[in-house]
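The sequence and structure are shown below.

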Amino acid sequence: MDASTQPPAPRRKDEASDLRTAPIVELALRLGALALLIYVAVTLVQPFIAVAIWSIVIAVALSPAYERLAHLLGGRRRLAAALMTIAFLLVIIGPATWLALGLIDSLRVISGEFDLAALTPPAPPPAIKAWPLIGVPIYQFWDLASTNLGGALAKVAPYLKPLGTILLGVAADAGTGMIKFFAAIFVAGFLFAPAPGLVDAVRTFARRLLSERGEEFVALAGATIRAVSRGVIGVSVLQALLAGIGLVVAGVPSASLITSAVLILGIIQIGPSVVLVPLVIWSWFSMETAAALVFTVYMIPVNLMDNVLRPLVMGRGLQTPMLVILVGVIGGTLAYGITGLFLGPIVLAVIWELTATWIKEQEAAEAP
């Protein structure tokens, strides 16, 4: 028999196994390389994620005002973007600068005139002893503070150390958040002019993912951002206004400065507690007991009102149930900080709509 007509020798089992394994190994290598590239890319972009999210939020929230301004300027979108950015920066930087200068001046006065003896509280009322369980310890500590404030502070100093660490961390986070917020305003200024093209690109991408409802979910995300922004800015302004009224009526020094601090801290989601809680404590050392009590009763609801009003305001104008928005705001803030304030409700709103659509389609398919 001719050698050319002989049948090929059968492959060994190990060769056949290698041929089957080779594509799997190649696919694993490709996936590993892709995962490595994604990890490196995320690591490089991670420091800018918060600024990017804030800039998108600012651009979407101010887009109606920007479009009106661009129309008034005859369609000059770049000029409108520059004016919008400058105006927004002035609105934020003005009170922030005033706050910083006022704090520096206050610290200078405190360092020059601080006298521990002047802060001695009045003697405690004897009726406090009759309070069950806590009356005697409170009376003893208050009595010690009224005669020897330094000794009283030394007694509670070990318990105040963790509080000081927390306050320093809050101050550092507030400074970092303010810097990121200013950077986001600049970035948002560059997003106004090309916004139509960017929105079209996002809609195209959404249609590729969800051909039937992609554009609807893009509109839902924009509406959610605007609703959350109204809740943050609107409630912060109302909270600062009520706090300012209370400060002026109570005759608190530098009331306008403290009001500006409440407004800024509310907008950047640090919260006014950093200012109002120490102020309430100060009132018990500097005011009459009745005045301090009225001031405390007024300021505590003002300090907490954003936790109640903000979810209610953000739920208006959306078809998504308010409970979903509330869970998104709280859960997003706890999980991702200030950026989660917007990401949480957006993600939950989209998931809610997807789930509702899926249930309706299933019911329609099962209907006779």
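The crossing of α5 and α6 is right-handed, that is, the near helix is turned clockwise from the far one by less than a right angle. The model is predicted, so that local features need pLDDT of at least 70 and side-chain atom pairs count only at pLDDT 80 or more, whereas totals for chains, interfaces and linings use all residues. Residues are numbered from 1 along each chain as its sequence is written, and side-chain values use heavy atoms, with hydrogens and water left out. Helices are DSSP runs (H or I, at least four residues), numbered from the N terminus.

Two packed helices are described by the angle between their axes and the distance between the axes. The axes are lines fitted to C-alpha atoms over the stretch in contact, and angles run from 0 to 180 degrees between N-to-C directions.

| Helix pair | Angle | Axis distance |
|---|---|---|
| α5 (residues 195-209) and α6 | about 130° | 7 Å |
| α6 (residues 214-250) and α7 (residues 255-267) | roughly 160° | within 8 Å |

α5 and α6 are therefore oblique to each other; angles under 35 degrees count as roughly parallel, over 145 as roughly antiparallel, 65 to 115 as roughly perpendicular and the rest as oblique. On the α5 side, Val 202, Arg 203, Ala 206 and Arg 207 meet Gly 214, Glu 215 and Val 218 of α6, where contact means heavy atoms within 4.5 Å. By class, this contact of α5 with α6 comprises three nonpolar, one polar and three charged residues.

α6 and α7 are roughly antiparallel to each other, and their crossing is right-handed. The residues of α6 that meet α7 include Val 232, Val 237, Ala 240 and Leu 247, and among their counterparts in α7 are Ile 258, Val 262 and Gly 266. The contact of α6 with α7 has twelve nonpolar, five polar and no charged residues.

Val 237 lies in helix α6 and is partly exposed, with a relative accessible area of 45%; the category lies between buried (under 20%) and exposed (over 50%), for a 1.4 Å probe and protein chains only. The C-alpha atoms of Val 237 and Gly 266 are separated by 8.2 Å, although these residues are 29 residues apart along the chain.

Ser 63 is placed in helix α1 (residues 13-72) and counts as buried, at 16% relative accessibility. A polar atom of the Ser 63 side chain lies 2.8 Å from the backbone oxygen of Val 60.

Technical notes. Helices (H or I, at least four residues) and strands (E, at least two) are DSSP runs, numbered from the N terminus. Ala, Val, Leu, Ile, Met, Phe, Trp, Tyr, Cys and Pro count as nonpolar, Asp, Glu, Lys and Arg as charged, and the others, Gly among them, as polar. A polar contact is a pair of N or O atoms within 3.5 Å; within protein, one must be able to donate a hydrogen and the other to accept it, and residues adjacent in sequence count only if both atoms are side-chain atoms.
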